[in-house]
Amino acid sequence: MAWDEWEQLKTGAKERGSTRMQLNHLADPIDTGSSTYGDLKVSNSDLVAIGKEAHSLYDQLWNKARVAQSTSESAAGDLAKQGFTLGKGLKHVAQRWDDQLRSLLDACAQISNHMHVTKKIHSGDDGYIGRQMSSIDALDAGFDDRAGEPGRKNPVYYPEKKH
């Protein structure tokens, strides 16, 4: 960004009476109505709800789908013992069912675990970013040529010691 452009932005903010700078942020859609684009926003409650649903689906599949699979395997074995060709086909279907069920259970477990971990990892990110951005005034003063005489330490970072 050119230095002149930065100065224009600061002057424009002062004219609008704005005391804080917003970088890469849209106003809350609840306050301003809907917009055509914006940042991805997910709250911890959303992550918890997704993880809970994935865990619930996992439990239901574990309790109900495995029962259907074991029943099919048992029926396939009985049919095969009695000499029916259908037994071999049903056994193949039961094995495919088991493979697909394991894949689905793994996916549900990964989603549930990922939502739990994501919530923990990113819970402090917004606060950290806010704290970092609140120091923009000190950063601005550090780059302001008027903050000190050339060749001297910037008083923003090196205040004079009072005796």
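Met133 is found in helix H5, which covers residues 125–133. Helices here are DSSP runs of H or I with at least four residues, strands are runs of E with at least two, and both are numbered from the N terminus. Together with Tyr128 and Ile129, Met133 forms a nonpolar patch on the surface, and the three have about 290 Å² of accessible area together. Such a patch is made of residues with over 30% relative accessible area and no salt bridge; nonpolar side chains (Val, Leu, Ile, Met, Phe, Trp, Tyr) are joined within 5 Å, and like charges within 9 Å. The areas come from the Shrake-Rupley method with a 1.4 Å probe, and for residues only the protein chains shown count as cover.

The model is predicted: local features need pLDDT of at least 70 and side-chain atom pairs count only at pLDDT 80 or more, while totals for chains, interfaces and linings use all residues. Residues are numbered from 1 along each chain as its sequence is written, and side-chain values use heavy atoms, with hydrogens and water left out.

The chain has six helices and zero strands. In order from the N terminus, its elements run α-α-α-α-α-α. Of the 163 residues in the chain, 13% are buried. Buried means under 20% relative accessible area, exposed means over 50%, and partly exposed lies in between (1.4 Å probe, protein chains only).

Helix H1 takes in residues 3–16, and at 1.5 Å a residue its 14 residues should span 20 Å; the end C-alpha atoms are 20 Å apart, which agrees. The expected span is 1.5 Å times one less than the number of residues. Trp6, Lys10, Gly12 and Ala13 are the buried residues of H1. Viewed down the helix axis, these buried residues fall within an arc of 160°, so they line one face of H1. The arc is taken from the directions from the helix axis to the C-beta atoms. Asp4, Gln8, Lys14 and Glu15 are exposed on the other side of H1.

One aromatic pair is found in a search of the whole structure. Rings of Phe, Tyr and Trp (its six-membered ring) pair if their centres lie within 6.5 Å; planes under 30 degrees apart count as stacked, over 60 as edge-to-face and the rest as tilted. The rings of Tyr58 and Trp62 have centres 6.4 Å apart and planes at 5°, so this pair is stacked. Tyr58 and Trp62 are four residues apart in helix H3 (residues 44–81), and about one helical turn separates them.

The structure also holds one salt bridge, defined as a side-chain nitrogen of Lys or Arg within 4 Å of a carboxyl oxygen of Asp or Glu. It joins the side chains of Arg102 and Asp98, at 3.0 Å from N to O. Both residues lie in helix H4 (residues 86–122), four residues apart, about one turn of the helix.

Arg66 lies in helix H3. Arg66 and Arg102 are 36 residues apart along the chain, and their C-alpha atoms are separated by 9.6 Å. Ile50 is also placed in H3. The C-alpha atoms of Ile50 and Met115, 65 residues apart along the chain, are separated by 7.0 Å.

The table lists accessibility for residues named above.

| Residue | Relative accessibility | Class |
|---|---|---|
| Tyr58 | 26% | partly exposed |
| Trp62 | 37% | partly exposed |
| Arg66 | 37% | partly exposed |
| Asp98 | 18% | buried |
| Arg102 | 51% | exposed |
| Met133 | 35% | partly exposed |
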